[in-house]
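Student: I'm new to this one, could you walk me through it while I ask things as they come up?

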Amino acid sequence: MSRIGKLPIAIPQQVTLTVSDSNEVSVKGPKGTLKQMIDLGITVKVIGDNIIVERVDDSVRAKHGLYRSLIANMVQGVSEGFKVEQELIGVGYKADAQNNVLELALGYSHNFFIELSSDVKVSTINERGKPPTIILESNDKQLIGQVAAKIRSLRAPEPYKGKGIRFKNEVVRKKAGKSAVQK
């Protein structure tokens, strides 16, 4: 049996879980509602204050832990939510957010305007002496991860000076530059 798949998921008090006949799991909480289709070989049961994810047979063995993790992320998302912080490291790099539109100045000849969905809330912090910070908040872990990866891909950290967009507390391994030629 899957080590991750057999672990029970604790349900917080404000969260409700329903499973439809078509195997769609819906989780509702104070931060919103999330839905996920589950493979027919997986059963989801609510026993007391725990969610148990079981598989019918070994044909869906590889997906057992996956669906348990997806449901656990949904429960955490609707109860607590997820937060991703990114820093802009580089001279002249700026970030500004207004009405879920993120404007980024990343050293190119033009600025980037990224319109985010209503499920993701964006804010920026611009303090003197510190790099600009982008803060993304959402109840959907997959969506916030995808948006953060898209923003990071606009100017990934380069290995020589470390300039670019990186996650908060991410360590970028720097390479040595050219060394002087000795004769």
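Predicted model: local features only at pLDDT ≥ 70, side-chain atom pairs only at ≥ 80, totals over all residues.

Student: What is the order of the strands in the open sheet?

Tutor: The open sheet has three strands in the order S1-S6-S5, and the pairing is antiparallel. Strand S1 (9–10) and strand S5 (42–47) stand at the edges with a single partner strand each, so one side of each has no neighbour in the sheet.

Student: And which helix packs on the sheet?

Tutor: That is helix H1, residues 64–79, which touches S1, S5 and S6, and whose direction makes about 160 degrees with that of S6.

Student: How many bridges join S5 to S6?

Tutor: Six bridges join S5 to S6, which covers residues 50–55, and one of the pairings puts Thr43 with its bridge partner Glu54 in S6.

Student: Switching topic, what do S9 and S10 form?

Tutor: S9 and S10 form a hairpin with six residues between them, and Gly107 in the turn has a positive phi of about 90 degrees. Four bridges join S9 (residues 101–105) to S10 (residues 112–115), and the two strands run antiparallel, with Leu102 standing opposite Ile114 in S10.

Student: Why is the pair of Tyr108 and Phe112 called edge-to-face?

Tutor: The planes of the two rings, Tyr108 and Phe112, are at 85 degrees, so the pair is edge-to-face, and the ring centres are 5.5 Å apart.

Student: What sits over the ring of Tyr108?

Tutor: The charged end of Arg155 sits over that Tyr108 ring, 4.3 Å from its centre, while Tyr108 itself counts as partly exposed, at 38% relative accessibility.

Conventions: Residues numbered from 1 in each chain as written. Heavy atoms only, no water. Phe/Tyr/Trp six-rings, centres within 6.5 Å; stacked < 30°, edge-to-face > 60°. Buried < 20%, exposed > 50% of the residue type's maximum accessible area, 1.4 Å probe, protein only. Lys NZ or Arg CZ within 6 Å of the ring centre and 35° of its normal. Pairing = 2+ DSSP bridges. Contact = heavy atoms within 4.5 Å. Axes fitted to C-alpha atoms, helices over the stretch in contact; angles between N-to-C directions.
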